[in-house]
Amino acid sequence: MDQSMFELFGGDGQISDLIDQFYYKVLFDQSLRGMFLKADMTRVRLQQKTFFAQMFGCVHTKYTGKDLVEVHKNLSITDQQFDRFLHHLKCILADMNKPQELIDQILKKVDSHRHVIVFK
Ligand code: HEM
């Protein structure tokens, strides 16, 4: 059987590193940080780790966080902000030395959620 994106990526430990480094960058981005000022970042990081694990195809992980539409619908997130989000993700993935093919696959997967995040 083909390896899942989760296995190719290196499992939970690598996802944990990705999300931690990712939100560190996001919180330094002037165009994004304001949205997270009231958020419980420990919770966001934790939920995002399970969301990513499930999205990458981990069979043992079930996302139990809030509904993505409910969480994002009142934030008026723009396409430009979503693109910044993807840009940071792409940079971290490159820093982690992941293969380009895998990076493209991940960015495409995340981008497939744009319609439930962007409401402007
Ligand atoms: C510009 C892009 C984005 C911004 C500005 C953003 C912003 C936020 C904020 C402010 C929260 C915390 C909400 C709260 O605690 O009430 C949050 C939570 C979350 N976001 Fe996003 N988000 C973005 C994109 C995404 C994407 C692309 C995904 C998934 C593919 C995602 C998944 C999540 C998850 C799983 C949570 C945690 C939900 C929970 O606490 O149960 N977000 N986001």
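Where in the chain is Ile77 found? Ile77 is found in the loop between H4 and H5, and point 6 below returns to that loop.

1. Basis of these remarks. The model is predicted, so that local features are taken up where pLDDT is at least 70 and side-chain atom pairs count only at pLDDT 80 or more, while totals for chains, interfaces and linings use all residues. Residues are numbered from 1 along each chain as its sequence is written. Helices are DSSP runs of H or I with at least four residues, strands are runs of E with at least two, and both are numbered from the N terminus.

2. The pairing of H5 with H6. Helix H5, residues 79-95, packs against helix H6, residues 100-111, at an angle of about 155°, and their axes are 10 Å apart; an axis here is a line fitted to C-alpha atoms, for helices over the stretch in contact, and the angle runs from 0 to 180 degrees between N-to-C directions. H5 and H6 are therefore roughly antiparallel to each other, given that angles under 35 degrees count as roughly parallel, over 145 as roughly antiparallel, 65 to 115 as roughly perpendicular and the rest as oblique. H5 passes H6 in a right-handed crossing, a term used when the near helix is turned clockwise from the far one by less than a right angle, with anticlockwise giving a left-handed crossing. On the H5 side the residues that meet H6 are Leu86, Leu89, Lys90, Leu93 and Ala94, and their counterparts in H6 are Ile103, Ile106, Leu107, Val110 and Asp111, where contact requires C-beta atoms, placed from the backbone, to lie within 7 Å. Sorted by class, this contact of H5 with H6 has eight nonpolar, no polar and two charged residues; Ala, Val, Leu, Ile, Met, Phe, Trp, Tyr, Cys and Pro count as nonpolar, Asp, Glu, Lys and Arg as charged, and the others, Gly among them, as polar.

3. The pairing of H2 with H5. These two helices pack at an angle of about 130°, with axes 10 Å apart, and that makes H2 oblique to H5. The crossing of H2 and H5 is right-handed. From H2 the contact draws on Leu18, Gln21, Phe22, Lys25 and Val26, and from H5 on His88, Leu89 and Ile92. Its composition by class is five nonpolar, two polar and one charged residues.

4. The pairing of H2 with H3. The angle between H2 and H3 is about 135° and their axes lie 9 Å apart, which makes H2 oblique to H3. H2 passes H3 in a right-handed crossing. Asp12, Ile15, Ser16, Ile19, Asp20 and Tyr23 of H2 make this contact with Met41, Arg45, Gln48, Lys49, Phe52 and Ala53 of H3. By class, the contact of H2 with H3 has six nonpolar, two polar and four charged residues.

5. The nonpolar core. In the largest nonpolar core, which has 13 residues, Ile15, Phe52, Ala53 and Phe56 touch the most other members; such a core is a set of buried Ala, Val, Leu, Ile, Met, Phe, Trp, Tyr and Cys residues joined through C-beta atoms within 7 Å. Two or more residues come from each of helix H1 (5-9), helix H2 (12-26), helix H3 (41-55) and H5, and H5 gives the most, with four residues. Phe56, leaving aside its neighbours within four places in sequence, is in contact with Ser4, Met5, Phe6 and Phe9.

6. Ile77 is partly exposed, with 18 other C-beta atoms within 10 Å; a residue is buried if 20 or more other C-beta atoms, placed from the backbone, lie within 10 Å of its own, exposed if 12 or fewer, and partly exposed in between. Ile77 and Leu32 are 45 residues apart in sequence and 9.2 Å apart in space, C-alpha to C-alpha. Leu75 lies in the loop between H4 and H5 and, with 16 C-beta neighbours inside 10 Å, counts as partly exposed. Ser76 also lies in that loop, between helix H4 (68-72) and H5, and counts as exposed with 11 C-beta neighbours inside 10 Å.

7. Positive phi values to inspect. Most residues other than glycine have a negative phi. Phi of Ser76 is near 50°, a positive value in a residue other than glycine. Asn97, which is not a glycine, has a positive phi of about 60°; Asn97 is placed in the loop between H5 and H6 and is exposed, with 6 other C-beta atoms within 10 Å.

Conventions:
Contact = placed C-beta atoms within 7 Å.
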